[in-house]
Structures are given as structure tokens and as C-alpha cells.
Amino acid sequence: MKTIYLDNNATTKVADEVLEVMLPYFTQLYGNPSSMHTFGGQVGQRIRDAREQVAALLGALPEEIIFTSCGTESDNAAIHSALLTRPDKKHIVISRVEHPAIRALCSHLGTQGYKITELPVNKNGLLDLENLENSLTPDTAIVSLMWANNETGVIFPVEEAARLAHDKGILFHTDAVQAVGKIPINMKNNAIDMLSISGHKLHAPKGIGVLYIRRGTKFSPFLIGGHQEKGRRGGTENAAGIAGLGRACELAAKNMDTENNRVKRLRDKLESELLKKIPQSRVNGDIENRLPNTTNISFEYVEGEAILLLMNELGICASSGSACTSGSLQPSHVLRAMGVPFTMAHGSIRFSLSVYNTEEEVDFVIEKMPAIIERLRGMSPFWNQAGQACTNQ
Ligand code: PLP
């Protein structure tokens, strides 16, 4: 059975071109980049090249790029540094829809004497900048807001938010894990101090990330050890992962137009056809301010996990907006923060595309989904009582 992979916000396929540049670092080029000898030195050179490739995608300087192990480490390192470099400040501002890499960290910091403000979002998942402005106090150390949401693809106005924070002398970090490679980003034109990237969301492997730190920003390392990354992140570099991420950033820059046009066209086709063919379905999240590859659709009166199981039988991979926590199915914190009604939130499916998806794949999903939803609704007492009645009106 062919796999139709529409779960690219969870992780992506490593591009062939990326794998190709990585392989020598597992076989012939295994030297330590910090070694004095030429054998290790050539690995060091490759890391410098990759730093330039990442910087080029972001419109940043190579020295502003530090390599980490993942998006989660980058997020943790940014917050940790803000608190250590501003020890008199005890307030952090985030949003209610941040990834657990920020949210769970901040919940933990909340138990350690820090005050956390979680900004609400509206029903479309958008942030109110006035709320942000009102939340800033002389005690605020850092504002951390995601560039794009992993579940809905909704884009936050992080550049405006960074200016608001900066006007009050507050640091600004953005979790850009879902945004980098999908939408243009130019760090020359904004006031963002720190930005997180994860390799496996843009066709590089798992286990490699980046923290961008604007030149001049005070930074205190999260991993303390050797002098790697100019003392900003201890640990022998993941040379293969770094080389791969550098190449992935180069490819992302090249594919940006495709992502914005062909991928968006496929996403739009999938979305509009499913909405047309399946009654009582709707998109979660703002339609305009959205990543080009993501659509989060709720099918009322059915369970997301059940939909995924039937999709899985056909080789179609996606994600649901509910997670099994403590034995009960809870709608995601993102959909709850948006106030998506219970019967809608439970039946939500996130489809996230990549440059590797084809029109035939999208057509196959459009053909199969209506029968899946109809079958599940046929078994749902709620659909039979309420939903069916709504559609017949
Ligand atoms: N931030 C966002 C928005 C994400 O979507 C993810 C991964 O799903 C992360 C952070 C964590 O990245 P990683 O898996 O590299 O730790």
C-alpha cells in the first residue's frame, strides 16, 4: 500500500539532497571538528559552511546562528538565557497556543517563582496586540510567541509584537519551528532577539536545531561544557545533522515559491473539496493568516482518532486535534483556546502538506474522506440525534 503522507507539521521526509551531504560524516569524515588536525578541521569547515547556509535563509549573520539538538532545546535555551541575563525580572509572556516546548517549560517555571502570562487568542486563533501591550510590565524579562501554529498553521504578527516588546526594553523570542522554510523570514527587518528552528520540520533529520541570537544580545548558555559554538552551547557538534540542515535551508530557499504556490494550491483544493463534499465540516483557524501547507478541519460528531484509524487503513497519514491524556480524549489546548465547540474540536484533523505531495495524492484523499466520515457518523448516536437533523434543514 502506498503511503500518502500529509503529516508534515509532525515531521518531514529527509530530502535526498540532504541525506547525500550527510553520509560522508558517518563514514569517511568522522573527525572531531575541534581537533587540531586537518582531518577534523575539514569537518569544522563544513559546519562553518552550514552556518552560512542557515544564516542566508534567515537574512542573518553566520555568527548569529548556534546549532542545538532540536526545537525544544532552542526554545528552552532562549527562555533560560533571558531569565539568567535579567535576574531581577520574574515575568514571562507567552500565548495559550504555544507548543509544549514553551508552554510546559513555563508551567514549570511558574512553580519556581516566575509569573507567567498566557495571552488568549480569538476564535480564529489570532492574537490581539493590544492585549500583549497591556500585559507588559517593568518585571517582564521576555515575550515568547510562536511565528506559526503547528496545529492550525495560523501566523502570529511576531514582527509587530517584537517591536512592542523592544519599545519597553523587553527581550523577544519566537518559536519559528513551523514557519522557517514555509514562509519568507528576514531577520534584517525586525526586532526579534531570538528564534528557534528544528531541522526535522524542513526536510533535515531529527536531532538538529538552531537558535538564532541577534548580534549584541546577551546570552547565557543552556548546555554548559566545551567551547563549541563560541561557548554558547557545549557538546561535540552533530556534524552530519548540521551539514544536512545547511543543505535543507538552501533547498527551502529554492523551494519557497513552490511551497507558497503549488503546495498552497494543493492544500486549498483539498480543503475546499472536503468542505464541499462533507456536511457539517469547517476549517479551524484564520483562513488568510495561515501557513500555505496546513489545514485543520473539524468534522462534527465524529472522533478524530477514529477518523485517523480509518485513514490509516488506506495509507493516509495525518494528525488529530485530540490527544489521549489520562485515558480520556481531550481536545487540543490550541482548539480549546480558540473556543472551538466540543463536538467540533473532537473531530478535528490536521492535514499538513510538503513539496513532495502530488495532485494524485490529494485527489485520492478527497475521494476517500467522505465515505470515512459517513461511516463513522452512521455509528454516532450524536450525529443521528443532532447532526443529521442539522443537515436536513
Ligand atoms: N515548536 C513547534 C511549534 C513545534 O511544532 C515543535 C515540534 O513539533 C517543536 C517546537 C519542537 O521541536 P523538536 O521536535 O525539534 O524538539
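Modeller: On a 1 Å grid over the protein atoms alone, a pocket is an open set of points with protein on both sides within 12 Å along at least five of seven lines, whereas a cavity is a set where a 1.4 Å probe fits but cannot get out, and lining residues have an atom within 4 Å of a point. A molecule sits in either one if more than half of its atoms lie within 2 Å of its grid points. This is a predicted model, in which local features need pLDDT of at least 70 and side-chain atom pairs pLDDT 80 or more, while totals for chains, interfaces and linings use all residues. Residues are numbered from 1 along each chain as its sequence is written, and side-chain values use heavy atoms, without hydrogens and water.

Colleague: Which pocket does the ligand sit in, and how many residues surround the ligand?

Modeller: The ligand sits in the second largest pocket, and 13 residues surround it (a heavy atom within 4 Å), the closest being Thr 72, Asp 175, Gln 178, Ser 198 and Lys 201. Helix H3, residues 71-85, gives the most to this shell, with three residues.

Colleague: Which side chains have an N or O atom facing an oxygen atom of the ligand, and at what distance?

Modeller: For a polar contact one looks for a pair of N or O atoms within 3.5 Å. Here an oxygen atom of the ligand is 2.6 Å from a side-chain N or O atom of Thr 72, another such pair puts a polar side-chain atom of Gln 178 at 2.8 Å from a ligand oxygen, and for the side chain of His 200 the distance is 2.9 Å. The protein covers 87% of the 390 Å² of accessible area (Shrake-Rupley, 1.4 Å probe) that the ligand has on its own.

Colleague: Where is Thr 295 placed, and which side chain does Thr 295 join by a polar contact?

Modeller: Thr 295 is placed in strand E10, residues 294-299, and is buried, with a relative accessible area of 0%. The side chain of Thr 295 makes a polar contact of 2.6 Å with the side chain of Glu 271.

Conventions:
A polar contact is a pair of N or O atoms within 3.5 Å; within protein, one must be able to donate a hydrogen and the other to accept it, and residues adjacent in sequence count only if both atoms are side-chain atoms. Helices (H or I, at least four residues) and strands (E, at least two) are DSSP runs, numbered from the N terminus. Buried means under 20% relative accessible area, exposed over 50%, partly exposed in between (1.4 Å probe, protein chains only).
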